[in-house]
Amino acid sequence: NLLLLVAFMNAPQAGAYQLTGPSWNTPETDFYVNILGADGLWNTAFEDAMAQWGYVTSFQYYINRGVYADPCNNYDGRNGVGFKSTDCGYSWGSTALAYTYYRYSSSTMIETDIVFNGTEGWDVYSGQWQAWPFIGINDFRRVAVHELGHALGLAHEDRVPAIMAP
C-alpha cells in the first residue's frame with residue numbers, strides 16, 4: 001500500500017478537464033431515463049455513470065426515472081437517452097457506439113441527448129475492455145460515462161489515457 005501511495009504521489013499531474021464549448025448555466029442537469037430491456041440494468045448503469053461525474057467534479061446529474069424522453073427529439077426540453085437501431089434516422093458509423101447531441105443558446109447548454117447504437121452488443125462489466133468473457137461486447141456503463149462527459153461539455157482527450165479518449 002505504501003508503494004502504491006508513493007507511486008501515486010510521484011506520478012505526473014494530469015491536466016484538468018476543460019470545457020471546449022457551451023456549458024450549463026448551473027453545475028447540474030437531469031436526464032429522463034427509461035431505457036427498456038435487461039430488467040433495469042441499463043437504467044442502473046446509466047445512473048451509476050451519472051454519479052461518477054459527481055464524484056470527480058462539482059457537476060451533478062439527476063435522474064428522472066421511468067420517464068422516457070426520445071434522444072432523437074432535440075427540441076423537447078428534456079435530456080433523453082436510449083438505444084436506437086439508427087443514429088436518429090442516419091446510418092451508424094462503422095465504429096460508432098453512441099453519440100451525444102446538444103442544443104445551446106449563445107454559450108449556454110439547453111439540452112443534451114445520448115443515443116446508443118442498438119445494433120451493437122452491450123453488457124455491464126468491470127475489468128479490461130472486451131476481454132474474455134466479453135469479447136465483442138461493449139461496456140454500457142463505460143460508454144455512458146464517456147457520453148455524459150460530452151453532455152457536460154467536454155471534448156475528446158487524446159493526449160493522455162482518459163475516459164474522454166475518442
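Modeller: Contact means heavy atoms within 4.5 Å. By that rule, and not counting residues up to four places away in sequence, glutamate 147 touches Ala98, Tyr99, Thr100 and Ile114. The model is a predicted one, in which local features need pLDDT of at least 70 and side-chain atom pairs count only at pLDDT 80 or more, while totals for chains, interfaces and linings use all residues. Residues are numbered from 1 along each chain as its sequence is written, and side-chain values use heavy atoms, with hydrogens and water left out.

Biologist: Why is glutamate 147 counted as buried?

Modeller: Buried means under 20% relative accessible area, exposed means over 50%, and partly exposed lies in between (1.4 Å probe, protein chains only). Glutamate 147 has 5% relative accessibility, so it counts as buried. Its place is in helix H3. Its C-alpha atom is 6.0 Å from that of threonine 100, a residue 47 places away in sequence.

Biologist: Is histidine 150 buried or exposed, and what does it touch?

Modeller: With a relative accessible area of 14%, histidine 150 falls below the limit and is therefore buried. Histidine 150 belongs to helix H3 and, leaving out residues up to four places away in sequence, touches Thr100, Ala155, His156 and Met164. The C-alpha atoms of histidine 150 and tyrosine 102 are 8.8 Å apart, although 48 residues separate the two along the chain. In the chain as a whole, 35% of the 166 residues count as buried. Of the contacts between residues at least 6 apart in sequence, 59% join residues at least 24 apart.

Biologist: What makes a set of residues a nonpolar core, and which members touch the most others in the largest one?

Modeller: A nonpolar core is a set of buried Ala, Val, Leu, Ile, Met, Phe, Trp, Tyr and Cys residues joined through side-chain atoms within 4.5 Å. The largest such core has 29 residues, of which Phe31, Phe46, Tyr61, Phe116, Phe140 and Leu148 touch the most other members. Strand E1 (28-33), helix H2 (41-56), E2, strand E5 (108-117) and H3 each give two or more residues to this core. H3 supplies the largest share, 7 residues. Phenylalanine 116 has contacts beyond four places in sequence that include Phe46, Trp92, Leu97, Trp122 and Phe140.

Biologist: How do you know that cysteine 72 and cysteine 88 form a disulfide?

Modeller: A disulfide is a pair of cysteine sulfur atoms within 2.5 Å. The sulfur atoms of cysteine 72 and cysteine 88 are 2.1 Å apart, and the rule gives a count of 1 disulfide. The pair links distant parts of the chain, 16 residues apart: cysteine 72 is in the loop between strand E2 (60-65) and strand E3 (81-84), and cysteine 88 in the loop between E3 and E4. The link is left-handed, with -85° about the S-S bond.

Biologist: What makes a space a pocket, and what lines the largest one?

Modeller: On a 1 Å grid over the protein atoms alone, a pocket is an open set of points with protein on both sides within 12 Å along at least five of seven lines, whereas a cavity is a set where a 1.4 Å probe fits but cannot get out; lining residues have an atom within 4 Å of a point. The largest pocket is lined by 18 residues, and Leu97, His146, Glu147, Ala165 and Pro166 lie nearest its centre. Strand E4 (98-105) and helix H3 (140-152) are the elements that give two or more residues to this lining, and H3 gives the largest share, 5 residues.

Biologist: Which backbone features deserve attention?

Modeller: Tryptophan 132 and proline 133 are joined by a cis peptide bond, with omega about 5°. Proline 133 is in the loop between strand E6 (122-123) and strand E7 (138-139). Alanine 38, in the loop between E1 and H2, has phi near 60°, a positive value in a residue other than glycine.

Note on methods
Helices (H or I, at least four residues) and strands (E, at least two) are DSSP runs, numbered from the N terminus.
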